[in-house]
Structures are given as C-alpha cells and as structure tokens.
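Subject: Structure for you to look at

Dear colleague,

I am handing over the structure below, together with some notes on its salt bridges.

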Amino acid sequence: MKKVLFTTWALLALTVSGCNAQNNANKDKNNKNKTMTMKTIHLTKADFLKKVVDYESNPQEWKYLGDKPAVIDFYASWCGPCKALSPVLEELAGEYADRIYIYKIDTEQEQELAAAFGIRSIPTLLFVPLEGKPQMAQGALPKATLKEAIDRILLNR
C-alpha cells in the first residue's frame, strides 16, 4: 500500500512540476516575444533621406523627419567591434520598441552617406533626439552605457 501511495505521489509531483516547467517556458517565450518585437532597421541612403534627414535638399539645417528618437549605427560587416555591438542593439531595439528606432547603415554599401557624416571609425553611433542636434559616440559601448545614453539623450529621463 505504501508503495502504491508513494508511486502515485511521485507521479503526481512529476506531472505538476512538468506542467509548471512547461508553463514557465511558455511565459518566458511570451515575455521574450513581447520585448523582441522590434528589430533594428537597415537604411540605404534613399531611406535615410526619407526617414532621418534630407541633407541634400537642406544642407544647412538639421531637421529630423522621424516620429520617434533614433540611434543610428554606422558599421561594416567585417568589423569585429561592430559584430559585438550588433546583438546588443537588437536587444535594445526590442526593449525600446515603442519609444525609439534603431537604424543600421552599412558604411561599405553606403560610402557616400558615411562620408557625409564624417564617419572615420566604426562602429559610430548617432543619437538623434526628436528636437535638437544629434550626438555622436564611437566604439562598441556596453549595453548599460547605451541604455543610459538613450534614456538621457533621447528620452530625457
């Protein structure tokens, strides 16, 4: 009798813990999907002129065209620090999905655009607030530093 009760109790415990593990896995998956809905957005020069600033039509004045602040990553596919920064920017795109855009510009493909902004080293990040002048930072900054800059420069927190 004790053996039957113990076996029944053990099976019940395994079933409950299995359900909880599956339920927790589903919760983690759902939370991950919520935070990772937005991805970084690759821009060409034509996209940049439409979504960020049309510096050709108005070269003397910076007038941001977006409806949310933006971080623009000037990178190259062969650049080690750029490769290290890329997944961090993807995470931030998910975390800040409804508040900012994170754009990426391949400096090898968009050399004219990189030259227009004086990009000499990569990665270079351009923090573009809705109002005011953009600010530039160079190097693969840690996630905490990027979050601090986004909150302070772009979201005024």
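What follows is a short account of the salt bridges, and then of one further pair of residues.

First, some words on the basis of these notes: this is a predicted model, in which local features need pLDDT of at least 70 and side-chain atom pairs count only at pLDDT 80 or more, while totals for chains, interfaces and linings use all residues. Residues are numbered from 1 along each chain as its sequence is written, and side-chain values use heavy atoms, with hydrogens and water left out.

The structure contains 7 salt bridges, a salt bridge being a side-chain nitrogen of Lys or Arg within 4 Å of a carboxyl oxygen of Asp or Glu. One of them joins Lys104 to Asp73, with 2.7 Å between the closest N and O atoms. Because Lys104 belongs to strand S3 (residues 101-106) and Asp73 to strand S2 (residues 70-75), this pair ties together parts that are 31 residues apart in sequence. Helices (H or I, at least four residues) and strands (E, at least two) are DSSP runs here, numbered from the N terminus. Lys104 and Asp73 are both buried, where buried means under 20% relative accessible area, exposed means over 50%, and partly exposed lies in between (1.4 Å probe, protein chains only).

A salt bridge also forms between the side chains of Glu91 and Lys143, at 2.7 Å from N to O. This pair links distant parts of the chain, with Glu91 in helix H3 (residues 80-95) and Lys143 in helix H5 (residues 143-154), 52 residues apart. Glu91 counts as partly exposed, its relative accessibility being 34%, and Lys143 is partly exposed as well, with a relative accessible area of 25%.

The side chains of Glu95 and Lys147 meet in a further salt bridge, at 3.0 Å from N to O. Since Glu95 lies in helix H3 and Lys147 in helix H5, the pair ties together parts that are 52 residues apart in sequence. Glu95 is partly exposed at a relative accessible area of 29%, and Lys147 counts as partly exposed at 29% relative accessibility. Glu91, Glu95, Lys143 and Lys147 are linked with one another in a network of salt bridges.

Finally, helix H3 also holds Gly80, which counts as partly exposed at 43% relative accessibility. The C-alpha atoms of Gly80 and Pro123 are separated by 9.3 Å, the two residues being 43 residues apart along the chain.
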